[in-house]
Amino acid sequence: MRIMAIDYGDQRIGIAISDAMCILCGDAFTMQEWNMERAAQRIADEVRARGVGTLVLGLPKNMDGSEGPRAEKSRAFAALLRAETGLEPILWDERRSSIEAHAILHANGRKMKDHRKSVDAVAATLMLEGYLGTL
């Protein structure tokens, strides 16, 4: 069973899916979806199509560890994913994942204006790699 990491955002959602052995990231992409319910349905379709058995959902925390409005949205999205997939999402502290993703893209010569297209997929990949490192 594969593992899927999700970097949930209001406009774009980064998705990273492990290889079949759950050792490294096998695929990463960005999904554009503004509607939370439709996003959960689309992710559920990907879960079924790709044989995903574990969901890792980013939980954006403040630098002091507290939770704000973005964390509440992630928790609400986790409930939708649970209902759509039957899987219990693992909430993963994603502090600094977007900052690190931007740094990776910049270090690889990407211009800031081009980051928007792939930064969420890179952030999801960082979350997936972090989670895989705990197994």
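A residue is called buried if its relative accessible area is under 20%, exposed if over 50%, and partly exposed in between (1.4 Å probe, protein chains only). Strands (E, at least two residues) and helices (H or I, at least four) are DSSP runs, numbered from the N terminus. The model is predicted, so local features need pLDDT of at least 70 and side-chain atom pairs count only at pLDDT 80 or more, while totals for chains, interfaces and linings use all residues. Residues are numbered from 1 along each chain as its sequence is written, and side-chain values use heavy atoms, with hydrogens and water left out.

Six of the seven residues of β2 are buried. Strands pair if DSSP finds at least two bridges between them. β2 runs antiparallel to β1, with four bridges, and Ala5 has Ala16 as its bridge partner in β2. A hairpin of four residues links β1 to β2. β2 also runs antiparallel to β3 (residues 25–32), with seven bridges, and there Ile13 stands opposite Met31. Six residues lie between β2 and β3 in their hairpin, where Cys22 has a positive phi of about 55°.

Next come the aromatic rings. Rings of Phe, Tyr and Trp (its six-membered ring) pair if their centres lie within 6.5 Å; planes under 30 degrees apart count as stacked, over 60 as edge-to-face and the rest as tilted. Two aromatic pairs are found by this rule. Tyr8 and Phe77 are stacked, at 4.2 Å between centres and 20° between planes. Tyr8 lies in the loop between β1 and β2 and Phe77 in helix α2, so this pair ties together parts 69 residues apart in sequence.
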